[in-house]
Amino acid sequence: MIYESSSVHVTLAGVVIACVIAATVFATLYWMLHPPASYVMKIAAEAASELERMVGSIIVVFSPEINSAHMMALAVKLARGERSELLAIYIVEVPYTLPPDAEMPEEERAALDALGAAETIANSSNVTFRAETIKARSTKQAVLDIAKREKADLIILGSYREGKYSGAPLGRTIEEIAADAKCDVLIGVEGKHGTLLIDEGGGLQSAAIANPTEE
Amino acid sequence: MASTPKPELRRSVTPWGSFSWGYSDVGADIFIGLGLVLGAAAGATNVAFLFAGIVYVCIGLAYTELAATYPVAGGGQYFVLRGLGDIFGFIAGWAVLLDFTIDITLFAWTAIDYLGQLIPVLVGSSHPWTHFLVTLAVIMALCGLNVVGVRESTAFQGFVSALDVTSETCILCFGFLFAFRPDLLIHTMRVDWPSPEHLMLGTSLAIISFVGLESISQAAQETQRPASIIPRTSVALILTILIYALAYSNLALGFVPWHPIVDAAGHPVQFWQIFPSTYPGGADNQGKAVALLAAQVPYFGALAAFYVPILGAVLLTISSNSGVFGSSRIAYAMSHTNLLPSIFQRVHPRYRTPAISILAFCGLAILELIFAALPSLDPMAVSTYAKFFHGEGGLDFLADLYAFGAATSYSFVFLALIALRLTDPLSPRKFKIPLNIPFTFRGERVEFPVVGVLGFLGIFSILMFTLQTHPLGRIFGPGWLVLGIVLYFIYRKRKRLPVLRSQRRDWRKSQVDILRNAGELELMDEYVANVKASDERRAQAAAP
């Protein structure tokens, strides 16, 4: 007997049994709630754990040839969910006939529009956002250099603009970036101008609404 | 035209959900079993629980292996059907149906007993009509809710289970810390050791503290990764319930109450002594033993006295509802395999619930309630009960049948386990009961489960104890089985189905479907590979 009053009886056996009961119940339930992962769960867990590495730093690429506006909202959602850093870049390709720092007012104006819209989307979601306009001889090389400088985890590219066919399905620049980048590249190809939204009777009208810039 | 895919049960039951499904059924049993066994086995209550507990561990392991190997709704009757054939599948299912209907009445009855701890007007001995009518109202309400299709949510079940696990652990820890005397336990066991007949009675009643593992198997079809999760939840449930049963029984025998208990003459009595029917109010006390013990635990008892009766009543009502739901589900599964008429598959046109099954088995539960309550309601019935049933009635009658139904169905489950080990060695068993004897049977390597034999002997001895010591159980239990077998013969004859033999079924295809639907794709691949290898071996052996 360790302690005894008129109504309390504390014994060594009682203390040991109480501790064993509490420990066993707790350990049993803990073991039950932590079963080994299955094969598919392991794959899912690995993918989830890689997510941060995949999207820690994101670059969204714009250029006169690459239209990434429709991917910007997705990039912002990814960045918000994973607290990534988001960098939107607009590449102005300077022809070899001009000096590297030549003034190109039309392209620079287009860059302001594209990056302004990107910033507006980013601000609405409160993510860490930067924007940069870059003049370069080659869009591909500029994107790869920026990705290296920023230690980017993901490059997001939109689709190749219509009417500038260069012999490759996605556009040569996009394919080259995807081939040579040292990080993941996400290419968002726009649907066939709202085809999925077209009902059987009003296909042309819906297509025109879905793609007002096509004209 | 595209066809609509057949709707399937969504796999949304998590490990805790699976545990709480079983716990809300088995966990409630100690609320009933403790008082009944203390009343019957006196100083050997812990021994009765230990023996029943060992058998229960064997039962639990058998259910775990079978539910992980065949993760389908249907539970024990499906395993028996598959292992032993249609007629035995029917008998096992019919015995489980008896258990489920008793479950409805017994748990509703004791839920009111627990509330009687706080609301004196519900105490059965002093207000039998109120007790009867409120119990009847609870059963009818549960019946109505199930017909309309309202069940307690899994989240609510999980919450109540978590609360109860915490509460029971606290009661035991405080009890052992501040109110347990080992010398008193030893003294009680030496001085108040019961007669062999009372020990057998106590042991057969102790098994009812472990009934309900069926629920985990029932939910197998809705459990995520059942072959992996069910073994864990089952083992955790077995261990938790075993700890509680052994701990409560030992604590009750060596318990020094916070406030001394005295009998009518003012003499102090031990805690366990307030439960035999000879003690004034003993029958009432049997129905609320955990609440009485919790209220007498030092310090914690001040709080427990208020909430444990409510928690017990809620848990017991959930368990009663499991009986309503489980009986209709078992009947549905049995009619699906042509063991019961197809009327039990019919669903209500508006509520989409098996209303006929629910009404039929709730009706049966109400009949059981009337039979159990009659001696307390009508003084004329007392002499009849005394003449034919040794004066049994009330809780004893329900407990008798509960023990009989459980022992019968569990006996068949052990036989099915052994049969399936021999006839279906190709099905991958992610959990296998230990202690097996390997040998070759019909050209296949099989493992004979020693624990299955030990478990069968244990549960069969409890079945014999039940028949030996329960005057009502030995009449109504076998009577229920005989009635069922007669109805089965008539039904099968009318449907022109084999009566004693089994219907032909493609178990191989069925097993592939079961594993695919369970999402156990690796096990499905393993099974297909096993079957292929077995076929090749047979072809080579048959070749000249």
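## The interface between the chains

Chain A and chain B bury about 2,500 Å² between them, with 75% of that area on carbon and sulfur atoms; buried area here is the accessible area (1.4 Å probe) that two parts lose on being put together, summed over both. The model is a predicted one, in which local features need pLDDT of at least 70 and side-chain atom pairs count only at pLDDT 80 or more, whereas totals for chains, interfaces and linings use all residues. Residues are numbered from 1 along each chain as its sequence is written, chains are lettered from A and ligands numbered from 1 in the order in which they are written, and side-chain values use heavy atoms, with hydrogens and water left out.

In terms of contact (heavy atoms within 4.5 Å), 28 residues of chain A meet 30 residues of chain B. The rule finds four residue pairs in polar contact across this interface, both residues being at pLDDT 80 or more; a polar contact is a pair of N or O atoms within 3.5 Å, where within protein one must be able to donate a hydrogen and the other to accept it, and residues adjacent in sequence count only if both atoms are side-chain atoms. The count of salt bridges between chain A and chain B is zero, a salt bridge being a side-chain nitrogen of Lys or Arg within 4 Å of a carboxyl oxygen of Asp or Glu.

## The chain A side

On the side of chain A that touches chain B, the elements giving two or more residues are strand E2 (9-10), helix H1 (12-33) and helix H2 (39-55) of chain A; helices (H or I, at least four residues) and strands (E, at least two) are DSSP runs, numbered from the N terminus. H1(A) gives the most to this side, with 14 residues. The residues of this side divide into 19 nonpolar, eight polar and one charged, where Ala, Val, Leu, Ile, Met, Phe, Trp, Tyr, Cys and Pro count as nonpolar, Asp, Glu, Lys and Arg as charged, and the others, Gly among them, as polar.

## A salt bridge within chain B

Over all chains, a search of the whole structure finds 18 salt bridges. In one salt bridge the side chains of B:Arg537 and B:Glu444 meet at 2.7 Å, N to O. B:Arg537 lies in helix H21 (residues 521-542) of chain B and B:Glu444 in strand E4 (residues 444-449) of chain B, so the pair ties together parts that are 93 residues apart in sequence.
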